[in-house]
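Please review the model below. The report covers fold, dimensions, surface, charge and annotated segments.

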Amino acid sequence: MKVTLVSRSGREFIKGGLELNDSATVADLQEAIHKRTKKFYPSRQRLTLPVPSGSRERPVILNYKKSLKDYCDGNENTLTIVFKDLGPQVSYRTLFFFEYLGPLILYPVFYYFPVYKYFGYEEKRVIHPVQTYALYYWCFHYFKRIMETFFIHRFSHATSPLSNVFRNCAYYWTFGSYIAYYVNHPLYTPVSDLQMKIGFGFGIVCQLANFYCHIILKNLRSPDGSGGYQIPRGFLFNIVTCANYTTEIYQWLGFNIATQTVAGYVFLVVATSIMTNWALAKHRRLKKLFDGKDGRPKYPRRWVILPPFL
Amino acid sequence: MASALTVLRRLYLSIYNWLVFIGWFQVLFLALKALKESGHEHVYNAVEKPLLLAQSAAVMEILHGLIGLVRSPVSSTLPQIGSRLYLTWGILWSFPEIRTHILVTSLVISWAITEIIRYSFFGMKEAFGFAPSWHLWLRYSTFLVLYPTGISSEVGLIYFALPYIKASEKYCFRMPNKGNFSFDYFYAAILALGIYVPGSPHLYHYMLGQRKRALSKSKKE
């Protein structure tokens with residue numbers, strides 16, 4: 001079958017198109033494009049069916065597992081596909097690893113090294129217990145995240161644009177340093193012992209709950225990485241769609257109750273708003289997918305992310 | 001679609017834009033007068049009142065965008081007004097030592113010409129429903145010169161004010177305190193300077209795009 005490839009402006013992207021087997025899959029097409037163009041490896045390619053001009057519908061993205069025949073209408077033996085370059089891609093594992101590595105390494109620098117000398121303070125003399133526990137708590141948190149990245153999470157997309165590495169690292173590394181600066185500061189004022197224990201205790205419980213949420217999410221997808229969406233069930237997912245975000249937010253709240261810094265609370269607010277955006281999109285997506293029609297289950301009534309508010 | 005509301009909106013915006021226009025006209029007039037009669041060291045004192053008033057009034061534009069009275073997105077008005085208020089109140093008004101610097105003159109003149117054109121343009125459109133094409137051209141062309149001169153003046157003034165900022169300890173919040181928080185106005189100023197590095201080309205590029213769209217659209221009409 002002949003595949004004609006156009007760019008979004010309508011220009012022919014590969015002169016003369018590509019000739020493929022009638023039984024070829026989208027993955028085969030991606031390979032062929034990569035072979036012809038060298039630069040555009042499969043994860044960089046975004047292949048869609050053409051949308052009639054003026055139509056405001058979102059274009060259909062080709063699934064790499066399906067055969068090209070599935071996208072031909074009628075018994076035409078030709079297919080026109082729209083190509084978009086997604087730009088250099090990086091695997092999600094790589095992205096997550098580097099964004100989490102920053103906080104894991106930078107925070108201890110403020111604890112162990114005489115950093116504050118360069119801000120005009122004398123060498124630190126007193127380290128409060130809460131500062132030590134905060135160090136363990138923080139490092140455990142990011143260590144856990146890295147472990148989950150490599151051994152637990154199953155991603156819906158294999159890759160993410162390279163530009164996200166800079167953006168995400170800037171976010172995590174800057175906030176990590178900002179918080180570390182204040183918690184380990186020579187003039188740090190600790191909270192009461194009870195408040196510290198409540199904060200860290202609650203935080204640890206939430207981190208464990210968060211880990212369990214990740215296990216549940218992992219089991220929704222198959223290991224061959226075909227992604228897809230299922231209705232999450234069990235544990236907190238029965239009441240809230242994004243229980244993983246919920247536990248993550250509360251876990252940071254625990255850290256802040258124990259350490260009490262404006263910087264930490266600012267981070268909490270920003271992280272919460274980011275996760276809330278994601279949660280709203282995910283909740284909407286699941287409700288749309290599981291509409292109860294054509295034998296599909298109907299998505300149950302649940303909180304989005306933060307009962308009893310949203 | 002009550003037309004009474006539309007009339008009210010246009011009346012309000014006409015009055016707003018022409019009033020602020022008058023403010024900036026005063027700024028330009030007094031600045032040039034002081035420059036000629038007394039020298040650049042005296043420009044700030046001559047323009048202080050109308051400058052503080054006209055620049056602070058711009059806060060209303062954030063409100064206008066938020067409630068949908070005007071189409072401008074809040075995301076582009078906020079940084080623009082933010083930087084203006086920072087320079088006006090956070091640098092010039094707060095640190096009198098910088099007021100005699102020659103960059104105050106270039107700053108004030110760049111801002112005033114830009115705003116005179118801008119506010120009269122909107123004043124025309126709201127009051128009379130149209131603005132002549134030369135006016136549109138001015139609005140989308142003078143920035144080509146005035147943005148570089150204005151931004152350089154802003155950056156220069158922040159930079160030259162740094163020693164005064166550091167010495168005065170103004171607007172600083174120190175540790176220890178229960179929130180384990182601190183704020184150092186000197187470092188914040190350095191951060192502000194840093195933001196100008198990516199921010200200025202981004203803004204200039206954005207305006208170039210706006211210019212292309214606005215001037216080609218008027219050609220088509």
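What follows is a short report on chain A.

This is a predicted model, where local features need pLDDT of at least 70, side-chain atom pairs count only at pLDDT 80 or more, and totals for chains, interfaces and linings use all residues. Residues are numbered from 1 along each chain as its sequence is written, and side-chain values use heavy atoms, without hydrogens and water.

**Fold.** Chain A holds 7 helices and 6 strands. These are DSSP runs: helices are H or I with at least four residues, strands E with at least two. From the N terminus the order is β-β-α-β-β-β-α-α-β-α-α-α-α.

**Dimensions.** The C-alpha trace of chain A spans about 80 × 45 × 35 Å along its principal axes.

**Burial and surface.** Of the 310 residues of chain A, 43% are buried, meaning under 20% relative accessible area with a 1.4 Å probe, protein chains only. The accessible surface is about 17,200 Å², and carbon and sulfur atoms make up 60% of that surface. Areas come from the Shrake-Rupley method with a 1.4 Å probe.

**Charge.** Chain A carries 38 positive and 19 negative side chains, and the centres of the two sets are 5 Å apart. Lys and Arg count as positive, Asp and Glu as negative; His and the chain ends are not counted.

**Annotated segments.** The unreviewed UniProt entry marks residues 94-114, 126-143, 198-217 and 262-280 of chain A as "transmembrane region". Such annotations may be inferred rather than shown by experiment.

| Segment | Helix | Strand | End C-alpha atoms apart |
|---|---|---|---|
| Chain A 126-143 | 83% helix | 0% strand | 27 Å |
| Chain A 262-280 | 100% helix | 0% strand | 27 Å |

Technical notes: Chains lettered and ligands numbered in written order. Buried < 20%, exposed > 50% of the residue type's maximum accessible area, 1.4 Å probe, protein only. Charge placed at Lys NZ, Arg CZ, Asp CG, Glu CD.
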